[in-house]
Amino acid sequence: MKPIFISIFFFSLICISCGSSSDSTSSREQNPHAKMHQEIHDELYQEQTLSKLDGKWLIKQVYEMEIDTTQFDGKQPFMNIDLKKEFLNGNDGCNLFQGKVSIKKDKIIYGPTAGTLMACPDMEISGKIMASFNEKELTYVLNDVLTLYEGDQQVMLLKRAE
């Protein structure tokens, strides 16, 4: 009987000292250890996401339009993402572009971009590429490919360059 009493006493003491309650959200807000743990978890998740999104991505589809190198005299439109520097650059098949980019949970936030203004045979695709992400906050899904969405609409499909 005595060991059970001692076990119950220590369990109760641990629960009280940790600020345990039936409402896990309020207990996390009140418990500095739980809050610190969540912040560390969020920071690690953010770093892992940064490393997965960073790098060169080939633009394979914009809205409903498939993109291949034959449309741009052998050039493949691409986007380089560097989230640590919050910088992106690339080529829309005709013009070079660069701008700011950041991440917030499942969103990629594209700032204003600037680019060259060359005239090319197929400006429609180049224009759609730029319009698809310039100054937008897009939801992303990262599997074998990087898919960007604006609401429910797929905006762009990118494949990591090898």
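F133 is buried in this predicted model, with a relative accessible area of 0%. Two aromatic pairs are present in the structure, and F133 takes part in an aromatic cluster together with F97 and Y110.

The pair of F97 and F133 is tilted, with 5.3 Å centre to centre and 50° between the planes. F97 belongs to strand β5 and F133 to helix α4, so this contact ties together parts that are 36 residues apart in sequence. The rings of Y110 and F133 are also paired: their planes stand at 55° and their centres are 5.1 Å apart, so this pair is tilted. Here Y110 in strand β6 is linked to F133 in helix α4, 23 residues apart. F97 is buried at 3% relative accessible area, and Y110 is buried at 2%.

| Aromatic pair | Centre to centre | Angle between planes |
|---|---|---|
| F97 and F133 | 5.3 Å | 50° |
| Y110 and F133 | 5.1 Å | 55° |

The model contains one disulfide, which joins C94 to C120 at an S to S distance of 1.7 Å. The link of C94 and C120 is right-handed, with 80° about the S-S bond. C94 is buried, with a relative accessible area of 3%, whereas C120 is partly exposed at 23% relative accessibility.

A further ring contact involves a lysine: K56 lies over the face of F78, at 4.5 Å from the ring centre.

Key:
Residues numbered from 1 in each chain as written. Predicted model: local features only at pLDDT ≥ 70, side-chain atom pairs only at ≥ 80, totals over all residues. Heavy atoms only, no water. Disulfide = S-S within 2.5 Å. Buried < 20%, exposed > 50% of the residue type's maximum accessible area, 1.4 Å probe, protein only. Phe/Tyr/Trp six-rings, centres within 6.5 Å; stacked < 30°, edge-to-face > 60°. Helix = DSSP H or I, 4+ residues; strand = E, 2+ residues; numbered from the N terminus. Lys NZ or Arg CZ within 6 Å of the ring centre and 35° of its normal.
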